Amino acid sequence: MSRPAIIINEFDAERIDRLLEKPAYAALPVADALNAELDRAQMCPPESLPGNVVSMNSTVRFRDLTSGDERVRTLVFPAQMTDSATQLSVLAPVGAALLGLEVGSAIHWDLPGGASAHLEVLELLYQPEAAGDYQR
């Protein structure tokens with residue numbers, strides 16, 4: 001199945017690349033999938049990122065289309081993770097799946113253990129770029 005187009009700002013992509021170069025993160029099951037997403041993404045400067053795209057530190061409302069469950073999470077780097085009830089690491093499978101998606105897009109994403117998730121982005125409650133924060 002083809003994946004929807006994704007857009008990632010260059011600043012986020014560079015930070016994720018550096019993170020994935022670290023042995024502790026490079027060995028994670030999600031690392032290869034996240035690298036593949038970075039390779040296929042359309043890159044743009046943070047100032048040019050459309051306001052409807054999930055970027056790092058965005059707060060996103062999304063739905064698991066299999067279960068129907070809706071969640072609101074802020075997409076963060078692993079070092080920023082303090083509360084799994086409100087945050088989602090970009091190195092978690094669901095976090096990696098959401099990065100770069102536009103509101104209204106859906107994606108099938110493989111999970112560890114052979115399961116998969118079918119996720120839809122419903123709304124961006126906050127996006128740093130739209131708020132003028134380009135260097136967070």
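**Entry 1: Arg63 and its partners.** I looked up arginine 63 and found a salt bridge to glutamate 70, with the closest N and O atoms 3.0 Å apart; the term means a side-chain nitrogen of Lys or Arg within 4 Å of a carboxyl oxygen of Asp or Glu. The model is a predicted one, where local features need pLDDT of at least 70 and side-chain atom pairs count only at pLDDT 80 or more, while totals for chains, interfaces and linings use all residues. Residues are numbered from 1 along each chain as its sequence is written, and side-chain values use heavy atoms, with hydrogens and water left out.

Glutamate 70 also forms a salt bridge with arginine 61, at 2.7 Å between the closest N and O atoms. I then traced a network of salt bridges that links Arg61, Arg63, Glu70, Glu120 and Glu123.

I checked exposure next (buried is under 20% relative accessible area, exposed over 50%, partly exposed in between; 1.4 Å probe, protein chains only). Arginine 63 is partly exposed at 25%, and glutamate 70 is partly exposed at 41%.

**Entry 2: Glu37 and Arg3.** I counted seven salt bridges by this rule. One of them joins glutamate 37 and arginine 3 at 3.2 Å, N to O. Glutamate 37 lies in helix H3 and arginine 3 in the segment before E1, so the pair ties together parts 34 residues apart in sequence. Helices (H or I, at least four residues) and strands (E, at least two) are DSSP runs, numbered from the N terminus. Glutamate 37 is buried, with a relative accessible area of 3%, whereas arginine 3 is partly exposed at 32%.
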